[in-house]
Amino acid sequence: MGKFNKGASTNLLHIISDCIFGLISFFSALILSRHTFTSASMNTYLVACITFMVIYILSNKESKLYNVTTFFYTDRIIRFVSKSFIIATCVTSTLLFYVGKADIDKDFYIIFLIITYILMIVSSFLVHCINKRENKFAPRTLLIGAIENYNRFESYLQKSNLDICMVGYVNIEEDEDPRYLGNIKNLEEIIHNNGIDQVYIMHKRKDNLDIQPFINLCMDIGVTIRIIINNYKGHGAQRYVSSIGTYPVLTFHRVSLNTSSRAIKRIIDIIGALCGIILSSPFMLLTAIAIKLDSKGPIIFKQCRVGQNGRRFNMYKFRSMCIDAEEKKKELLSQNEMGSNLMFKIQDDPRITKVGKFIRKTSLDELPQFFNVLKGDMSLVGTRPPTLDEVEGYERNHWRRMSIKPGITGMWQVSGRSQITDFDEIVDLDTEYIDNWSVSMDFKIMIKTAMQLFIRKGAY
């Protein structure tokens, strides 16, 4: 696997669950052993338990227990847990009693081992149950090929911890079958209409179908494609090989699939959104009062925007325009300064109210978007969410900028914003961010955004 794919198949939730249950085992053993602990001995006991859990987790990773494609059979899971538990017990005991000669209460240690073994099995089954629950954030998935060919494949999916939302099937054959969402010739339209994140193609050589154009299509619009059995080229894409049951799967993608990175980004979004809401609440209150006193209409402007891979959501902003702004926009299209109708901006927009001019220059109008981030529709850093009419004019390569969640700020906002009028240049900035994403890059963009709020450059 490439550097972006090292954690692609890792079940991060399972690792976190084991760590949490490990802590529960530690504190339970402290209580049940009824041993008197000093601060010095407490540190020794804690180091011993951490050592045990580290060895246990590393052993599980080696056994592929944390791999989302590993089949969840009861006897197999118990065998994996038991193996890792025995290895961790032997290594930790050797380090404690023979190498380090640590003074540890044996009652505590035995109780800790018994509780840990039970809870590690509970953890494995609990995580599997959680993964099999309906999850609105699971990747929306299309299966391309004959439904009959997917019977065994879907049974493999059910036995694994893969978290996917099955949307439907796409037919390779020409005949119209109501069981399918449509024909593969209309794949791009089907993907856009259903907000698809990833595509599986069950392809056999007798199908006489050239899959390369569909790989190119998915790469152009930023949708992950997984080819079952056969090996094809994915130009400019990251790729890795995994397996589901007896099916080898070659995955092409241009968005990092690293589970831990996605989790970290979401945690940052939640913490950042909560802090943003709390810290900006006085400003939001004053802004709301000013808008209400300045002009008629609602305080919050709610507009349908297009998010990740075509998902539609309502984006919230403080209203900075007159209530009939959308109708007046048609009259102003000829004055658009963006060079195309794929984005719309004009300086001294007559639709903007007096208060609206101030809150736009200071970006106060965007504060309600923290609630969009908290809901999961947006991220703190991402790409600008387009309107429905803008998306209608998109070419195929423009769709890749929406292969991630849109953000309150992004590369475009910190690279000149309204001074950049070439939409292709905006797409290049967005795809540069997608291809080189990192946590440090997100923080750099947020810092630059905060600095621009004071110099008020490029905002109107």
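**Entry 1: terms and model**

I began with exposure: buried means under 20% relative accessible area, exposed means over 50%, and partly exposed is in between, with a 1.4 Å probe and protein chains only. By this rule I recorded Lys361 as partly exposed, because its relative accessibility is 48%. I noted that this is a predicted model, in which local features need pLDDT of at least 70 and side-chain atom pairs count only at pLDDT 80 or more, while totals for chains, interfaces and linings use all residues. Residues are numbered from 1 along each chain as its sequence is written, and side-chain values use heavy atoms, with hydrogens and water left out.

**Entry 2: the protein as a whole**

I counted secondary structure as DSSP runs numbered from the N terminus, helices being H or I of at least four residues and strands being E of at least two. The protein has 14 helices and 10 strands. Of its 460 residues, 51% are buried.

I then looked up contacts, meaning heavy atoms within 4.5 Å. Among contacts with a separation of 6 or more, 71% join residues 24 or more positions apart. For the surface I used the Shrake-Rupley method with a 1.4 Å probe, where for residues only the protein chains shown count as cover. The protein exposes about 23,200 Å², and carbon and sulfur atoms supply 59% of that area.

**Entry 3: Lys361**

I returned to Lys361 and placed it in helix 10.

**Entry 4: positive phi**

Most residues other than glycine have a negative phi. I found a positive value, near 50°, at Asn309. Asn309 sits in the loop between strand 7 (300-306) and strand 8 (312-318). Is Asn309 buried or exposed? It is buried, because its relative accessible area is 5%.

Ser363 also has a positive phi, near 65°. I located Ser363 in the loop between helix 10 (354-361) and helix 11 (369-375). Ser363 counts as buried because its relative accessibility is 14%.

**Entry 5: aromatic pairs**

I paired the rings of Phe, Tyr and Trp (its six-membered ring) if their centres lie within 6.5 Å; planes under 30 degrees apart count as stacked, over 60 as edge-to-face and the rest as tilted. The count comes to 18 aromatic pairs. Why is the pair of Phe52 and Tyr56 stacked? The ring centres of Phe52 and Tyr56 are 6.5 Å apart and the planes lie at 5°, so the pair is stacked. Both residues belong to helix 2 (residues 39-63), where they are 4 residues apart, about one turn of the helix. Phe52 and Tyr56 are both buried.

I noted a stacked pair between Phe108 and Phe112, with 6.3 Å from centre to centre and 15° between the planes. Phe108 and Phe112 lie in helix 4 (residues 106-131), 4 residues apart, about one turn of the helix. Both are buried.

Which residues do ring pairs link into a cluster? I listed Phe26, Phe27, Tyr45, Phe52, Tyr56, Phe85, Phe108, Phe112 and Tyr117.

**Entry 6: cavity**

I searched a 1 Å grid over the protein atoms alone, where a cavity is a set of points at which a 1.4 Å probe fits but cannot get out, and lining residues have an atom within 4 Å of a point. Grid points are joined across faces, edges and corners, and a volume is the space filled by probe spheres set on the points. The search gave 1 cavity of 30 Å³ or more. The largest cavity has a volume of about 40 Å³. Its lining consists of His14, Leu65, Asn67, Thr70, Phe72, Ile77 and Asn161.

His192 is in helix 6 (residues 187-194). It counts as buried because its relative accessibility is 16%. Not counting residues up to four places away in sequence, His192 touches Ile221, Gly310 and Trp399.

I placed Met411 in the loop between strand 10 (407-409) and helix 13 (423-435). Met411 counts as buried because its relative accessibility is 13%. Leaving aside neighbours within four places in sequence, I found Met411 in contact with Gly382, Leu429, Glu432, Tyr433 and Ile445. Met411 and Ile445 are 34 residues apart in sequence, and 6.9 Å apart in space from C-alpha to C-alpha.

Conventions
On a 1 Å grid over the protein atoms alone, a cavity is a set of points where a 1.4 Å probe fits but cannot get out, and a pocket is an open set with protein on both sides within 12 Å along at least five of seven lines; lining residues have an atom within 4 Å of a point.
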